[in-house]
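Here are my notes on the model you sent over.

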Amino acid sequence: MPTAEGQLTNSDRRNMKVVMDRLVPPVDDLPGAGSMGLLDEVERMAEEHDRYRVSLVRFLDALSMDMSVEAEGGFLALEGEQQDEALKEIESSIAKEFANVLEVVYLAYYSRPEVHRRIGWRSGPLQPLGFTLPPFDESILDTVRKREPFWRQAPD
Amino acid sequence: MVTSHDRVDFIVIGSGASGAAATWKLAQGGFKVLCLEQGPWVDHSTHPTNKANWEELSRTKWHYHPNVRKGPSDYYVNDDDSDVKVLMYNALGGSTIHWTGHVPRFHPSDFRVKTLDGVADDWPISYWDLEKFYDENDELMGCSGIHGDPANPDRSPRQMAPVPLGHDGERVARAFDRLGWHWWPSDSHINSEPYRGRPACNNCGPLGYGCSLKAKAMTDVTYLPEAMEHGAEVRANATVYNIATGADGRVTGVNYYDADGGEHWQPANAVIVGCNGIGTPRMLLHAASDSHPTGLANSSGLVGKNLMFHVYAGATGIFPKGEPTYRGPLANIIMSQEFYETDLSRGFVRGYTFQMGRGMGPASTAVGGVSWGSNHHREFDERFGNVNGLGVIGEDLPLESNRVTLDPEIRDRWGIPAPRVHYKLDENSKRMLAHGVKQARTALLEAGAVRVFENQHNVNAGWHLMGTARMGDNPKRSVVDGYGQAHDADNLFIVDGSVFVTGAGVNPTPTIQAIALRTADYIIRERTDLKS
Ligand SMILES: Cc1cc2nc3c(=O)[nH]c(=O)nc-3n(C[C@H](O)[C@H](O)[C@H](O)COP(=O)(O)OP(=O)(O)OC[C@H]3O[C@@H](n4cnc5c(N)ncnc54)[C@H](O)[C@@H]3O)c2cc1C
């Protein structure tokens, strides 16, 4: 369970790494989000933004207090599918906080250059390169231009 | 200690779409104008599109919602009791820093809803009263588009050709053609070619988070610099906390705080308020005085009431892999007004516009509904770069119960009460949105979508803030007259979306700006008494 100031304990970190691997699992030659070493990035964002910090703390509290999980010897001792079940339960009990934790994990994962390479996205700022599109071609209007004006007249 | 300043002719409060337009026009008309803005000038190089972590910024420091963003010049908006969350930006340029510059005009029928459809109220002005100000505004902001749209009265040639439609825009346009439905390239306040010293857009995409290129028309790069050339003064970091009135009820000036909490008194011959449909009623209600006991200009009791947002819903289609759909301005492609004018056989009164939207960056795609776990990568790969949406922008009718009041407990750092928003979607809106979502699905499937997701109501869509200080001829039923002049104080004017009588089914900002220009034009012609 995180400290009162929201610092993660070592046990939180171990749990969170596995949670992140369940949220965004390995694909092709990429490891899951936890094994990719993104926890530091998640913690950074949680430190900078209240919304993420509060949600992460509540999420980890819920994880460590989940009775079914405790009964089995903690989240790490569960099989993968049982871990997913435990996460789904937390998702339904604290939906908003869970969504914020998922958001911060997605933000960390989809900012990685190796992930960008896999999905075909150009890393870095959008500017100054932007993207090139062919200029507007007026012939696309040929059909709609045949329509008579149909806006409704109104008294002045 | 209070610092007193020299008298000016006009104080304009707020530098967003409306305030900046009024400031420019009055300065050009020879008035001594001071624009007071609570936020700072924002350095464009810090806009997210210039940063590698732009997706993180878009969900944190550049979030649309002020309560999440928590910028130094943001004030808390209590929208817990609202079916729609309130979005805005507070800085030089106002919400045009965030806006996407999609600029359809109201239709002539939008000003006559009572006469034509027996609902709400007619406006005291008509489309034709605004037409030349729409044109003037396009000139200053720069409009990319093309005239000849059969769903609207013809209009003068646009300044620039339409923003490129992209293969995805053309695909949806052809689907509309096959269905026999109207569509037209969006009018956009985004440069498709260099215009008035600003460059052409290079299609980077998410223009809702500023525009480091300045190809998008934000008022801090359009009206304000030109206003300053005409002699207007713009004072940043000036939070107005009171509009003062004399015993005769007329406005005498304003009190404001600077960034360090220093108190200032600024006298003026007249005041224009352009703080948007939430900030303006907040300001007026807070400025209650002996001569305006229930709030400034509130003898009708209507300040804060009749809040309208536009109701939003939509559908998103997943298309087979092809050219990525994240290239090009997010929502400035095409629009359709097939279902705009009232047809009661559809089960609702009034109507809506479809506005097409593009795909987003990777993290935003994932956050936008891709599930976690074993299906994550399959769902992500299916969506990323392959989605287009059709947003339904519906007209919500004014209801006095939808309103802005002052929060009895929450205050900003200056002690000004937070606005509290009460808003419920009515039955007509619900039926309209259901119709729109169904038709959006039809259009996306026709365009070749392999799967369509529906969003029956977009809660996070309170970007259009209207109706909370409505205009009208009858002082008992309205706050300002057709020129935006308060019925209760002839030297107080309101120029933002608060003055809307109804909201139409289109994005409001060109209409807001046309109204601001018309008010300023009236002042220049008829209110020379307010010039020193
Ligand atoms: C994400 C987003 C996308 C949008 N896209 C579109 C679009 O495509 N098309 C469209 O038509 N509209 C769009 N809009 C809406 C558009 O931005 C607004 O309609 C428009 O900016 C409203 O202009 P305004 O002048 O009324 O208010 P604003 O632009 O909000 O400006 C109000 C200004 O008043 C200042 N202010 C408030 N209180 C005080 C005070 N006490 N003292 C000093 N200053 C104060 C604020 O800081 C702010 O700068 C969008 C909005 C958002 C948030």
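1. H1(A) and H5(A) pack with their axes 10 Å apart, at an angle of about 90 degrees. That makes the two helices roughly perpendicular (65 to 115 degrees counts as such). Axes here are lines fitted to C-alpha atoms over the stretch in contact, with angles from 0 to 180 degrees between N-to-C directions; helices are DSSP runs (H or I, at least four residues), numbered from the N terminus.

2. Who touches whom (heavy atoms within 4.5 Å)? On the H1(A) side, A:Val18, A:Val19, A:Arg22 and A:Leu23 make the contact, and H5(A) answers with A:Gly80, A:Glu81, A:Gln83, A:Asp84 and A:Leu87.

3. A word on ground rules. This is a predicted model: local features need pLDDT of at least 70 and side-chain atom pairs 80 or more, while totals for chains, interfaces and linings use all residues. Residues count from 1 along each chain as written, chains are lettered from A and ligands numbered from 1 in written order, and side-chain values use heavy atoms, without hydrogens and water.

4. Now the interface: 59 residues of chain A meet 72 of chain B. Together the chains bury about 5200 Å², 65% of it on carbon and sulfur atoms (accessible area, 1.4 Å probe, lost on being put together, summed over both).

5. How many salt bridges cross the interface of chain A and chain B? Six, by the rule (a Lys or Arg side-chain nitrogen within 4 Å of an Asp or Glu carboxyl oxygen). B:Glu56 pairs with A:Arg44 in a salt bridge, their closest N and O atoms being 2.7 Å apart.

How values were computed: Contact = heavy atoms within 4.5 Å. Buried area = accessible area lost by both parts, 1.4 Å probe. Parallel < 35°, antiparallel > 145°, perpendicular 65-115°, else oblique.
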